[in-house]
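Here is a friendly walk through one structure, meant to be read with the viewer open. Take a moment to turn the view around before reading on.

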Protein chains: 2
Amino acid sequence: MADPLRIALAGLGTVGAGVIRLIEANGELIARRAGRPVEIVAVSARDRTKDRGVDLSRFAWEDDMTAMASRADVDVVVELVGGSDGPALTLARNALGAGKSLVTANKAMIAHHGLALAELAEKAEVALKFEAAVAGGVPVIKGLREGASANAIERVYGILNGTCNYILSTMEATGRDFGDVLKEAQKLGYAEADPTFDIEGIDASHKLSILAAIAFGAKIDFPSVETEGISRLRAADIEQAAALGFVIRLIGIADTELGANGEDTLFQRVCPYLVPVDHPLARVNGPTNAVVVEGNFAGRLLFQGAGAGDGPTASAVVADIIDIARGDVGAPFSVPVNALAPMPRADAGHRVARDYLRFMVADRPGVLAEIATAMRDAGVSIESLIQKGRQEEGGEVMVSIVTHGGPEANVDRALELLKGSPSLTEPPLVLQLLDN
Amino acid sequence: MADPLRIALAGLGTVGAGVIRLIEANGELIARRAGRPVEIVAVSARDRTKDRGVDLSRFAWEDDMTAMASRADVDVVVELVGGSDGPALTLARNALGAGKSLVTANKAMIAHHGLALAELAEKAEVALKFEAAVAGGVPVIKGLREGASANAIERVYGILNGTCNYILSTMEATGRDFGDVLKEAQKLGYAEADPTFDIEGIDASHKLSILAAIAFGAKIDFPSVETEGISRLRAADIEQAAALGFVIRLIGIADTELGANGEDTLFQRVCPYLVPVDHPLARVNGPTNAVVVEGNFAGRLLFQGAGAGDGPTASAVVADIIDIARGDVGAPFSVPVNALAPMPRADAGHRVARDYLRFMVADRPGVLAEIATAMRDAGVSIESLIQKGRQEEGGEVMVSIVTHGGPEANVDRALELLKGSPSLTEPPLVLQLLDN
């Protein structure tokens, strides 16, 4: 059997420890499949003394993790430190600069610096792999980059954040409100102490921007992702959606369209969507991820599995390592960085959509007329309108509207007309309906 | 850009024509992703004059398809002829023997001769790829061989035949009987004029044996797949299952267990299963395929999409070609053929399962007691028993039993006790319940 592939592992949190456990448990199998053993030779983390439940004594220890990049006894650096910049980025740059392959689970770093890192990797003819950065253990980067490689991708979308999906499906199953379920998710370890990145959709946007770059051959463009989180959703929204035949899921969605000047433009949005109950994504409950890839020949492909956790994430990290051991050092974004097109952000205003609009209004005469008039004046056609009889505290009433399909700009215009109205007790919530 | 990868295409049915159309439509994209253009140079089929809706004039024509293997201007032979033996096999052997990579959608040939062909490929250091042979456009071979490569696979199972799934989900949706829906499926092109391979589970067994070999590092063993088709199912079975909270799907399932002598044994079964309605596979309707891979670190991964059709199948064929263009010539079954273990067939008798048993019985006193007594004497514990009040033609009555979990051998014993009983008007139908 060939020489071992030698790994330096930076970051020994749950995923790092999971990688060590996985290689310990499945090492023989991995050697057979990879054609050579995979061996961890050096590790690094902030605290050397912490008990992680794994034996580190066999590995060299580096206090300065960025120094692992220059170890002569290392072929692949695995970065599991996290953070878009700082030591993770320094390590990544140093490793690729030193001609070592890099495997990372760091979505923030790839979303922000993926192109620069891919350029370094391509120059050095080494691998840069980040399967674990999107959808945890689900091999969707591979599915897109290789499985669907014969297709012009028409659309890619899915459930990319397990925390939000846990919260939304639990709200749905229990009727409880957002804040309540969030607290439980934090207690169970499904949400972090500071949950902002997850619940405000930033984590999902990182992942979507990575998927979009690979799907559409576009330069990665995280800042252009339209992002809305789930923190404004109420139990009543989910109840309302259910009555209409939908569940609510945080969906990241991307496609391309021709811009005004005939150029390809890139549409990227992360937002809670109303998903028809018979859509495959509507059945995805708990901290699960699921991604749909629509290709012009393959049709609709679905990839689903655990979106986080030490085992699934370690599975994706080590799959990348095995690919490298097998000799795969292909372009990280499917085509070389210099072949990725810079795609301007699509103008979403003319896109036709059906919307769910929810207004919290003061309980007084004329409010409904005011809303309906604004809709009419903006050219928004109402399919159904429900004013909930039950009053909430403070005399508020909830009005939910589902629109017929129409340009998004019209809905924006209607909301503009209603802006500042003393009838509205909070800004309206606008969610789109996912087509089936 | 590098030299083109030159393709010879044998077989110009719907899939072959689909491959030509795909490469025409997505050629530029493919060249960017593959790092080199993919060019068809020669084609072959039985009938040169038939109109296939694609322009063949650009390609060299070979009357004898097996001669394509020896063309000096060809790098990869694509075999889309079908049939486990005959010209397809000769072509495959010749191509690999001549040092050309082979891509095929031919599940029967791989199930019967995959190991011998893989040996040829490994000896010649060329690729043998067959993504399209399992689950059509769904990249599940890749998902198993690469995406889940870090895992010891605990179980692989799924819906592997689109024809059966179309028939079963249509029976479920409409309440119609098997024969009626089969006829419709034939009219719609979802079932062949001779549907035996599909409806008797042989096609699914071919696919399962391929998945099992890759999942468990086992020598492919198609003859050992326990196979039962869907032709004995009645509308009443589906109705009965629904009342119990299940749908019926033809599932192929494989895992390994320790045999009596401490050796690994391989369990492979294709059979209609009762699938709990909240299981992801229960939502798979129409001619769709879906495969679940359970890994010891990744947990449950689901791959779903179109299981047949020219577009999806062509997508998988060309994805294999792109992999080859990118330089992937790894072991076809994930590990080299000589590292695949010969695994004896598992003894299923002691496996614990819950069963659905359906008896068609004469409508006369004492029949229920006879069945219940046989169950008791064989140690089968009955969870629920329903005797359908409605009589069918000929005085037949349907008795459905769901058992508590117990060894399969006990159910076999109960059926043995009932064998030859004049009360039974046809042999009992035994289906298992899929655990959730």
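## Two copies and their axis

In this predicted model, chain A is superposed on chain B by a rotation of 180 degrees with 0.0 Å of shift along its axis, and the RMSD is 0.0 Å. The two copies are thus related as by a two-fold rotation axis. To find that axis on screen, look for A:Phe303: in chain A, its C-alpha is the nearest to the axis, at 2.5 Å. Both copies use the same surface, since 100% of the contact residues of chain A recur in chain B.

## Where the chains meet

How many residues of chain A are in contact with chain B? There are 45, and they meet 45 residues of chain B. On the chain A side, α1 (14-34), α4 (140-147), β12 (299-306) and α10 (310-325) each supply at least two residues. By residue class, the side of chain A that touches chain B divides into 21 nonpolar, 15 polar and nine charged.

One of these elements also pairs across the interface. β12(A) and strand β12 (residues 299-306) of chain B pair in the antiparallel sense, over three bridges. Within this pairing, A:Leu302 stands opposite B:Gln304 in β12(B).

## Overall build of one chain

Now for chain A taken alone. Its secondary structure comprises twelve helices and 18 strands. Along the principal axes, the C-alpha trace of chain A spans about 80 × 50 × 35 Å. For 436 residues, a compact globule would have a radius of gyration near 22 Å, and the 24 Å of chain A agrees with that.

Of the 436 residues in chain A, 54% are buried. The contact pattern can be read by sequence separation: among contacts in chain A between residues at least 6 apart in sequence, 76% join residues at least 24 apart.

## Domains and a shared boundary

Which domains make up chain A? The division gives domain 1 (5-133), domain 2 (140-306) and domain 3 (352-433). The centres of domain 2 and domain 3 of chain A, taken over C-alpha atoms, are separated by 25 Å.

At the boundary between these two domains of chain A, twelve residues of domain 2 are in contact with eleven residues of domain 3. The domain 2 side of chain A draws at least two residues from each of α9 (235-243), β9 (246-258) and β10 (264-276). Nine residues of that side are nonpolar, one is polar and two are charged.

## A parallel sheet

Chain A also holds an open sheet of six strands, with parallel pairing and the order β3-β2-β1-β4-β5-β6. At its edges stand β3 and β6 (128-129) of chain A, each with a single partner strand, so one side of each is left without a neighbour in the sheet.

Further in, strand β1 (residues 5-10) and strand β2 (residues 38-44) of chain A run parallel and are joined by six bridges. A:Leu9 has A:Val43 as its bridge partner in β2(A).

## A loop residue to look at

Between β3 (60-61) and β4 (76-79) of chain A lies a loop that contains A:Asp64. Is A:Asp64 buried or exposed? It counts as exposed, because A:Asp64 has 10 C-beta neighbours inside 10 Å, and the cut-off for exposed is 12 or fewer. A:Asp64 and A:Arg46 are 18 residues apart in sequence, and their C-alpha atoms are 8.6 Å apart in space.

Conventions. Residues numbered from 1 in each chain as written. Chains lettered and ligands numbered in written order. Predicted model: local features only at pLDDT ≥ 70, side-chain atom pairs only at ≥ 80, totals over all residues. Domains from an automatic or database assignment. Contact = placed C-beta atoms within 7 Å. Helix = DSSP H or I, 4+ residues; strand = E, 2+ residues; numbered from the N terminus. Nonpolar A, V, L, I, M, F, W, Y, C, P; charged D, E, K, R; others polar. Least-squares fit on C-alpha atoms with pLDDT ≥ 70 in both. Rg over C-alpha atoms; globule rule 2.2 N^0.38 Å. Buried ≥ 20, exposed ≤ 12 C-beta atoms within 10 Å, placed from the backbone. Pairing = 2+ DSSP bridges.
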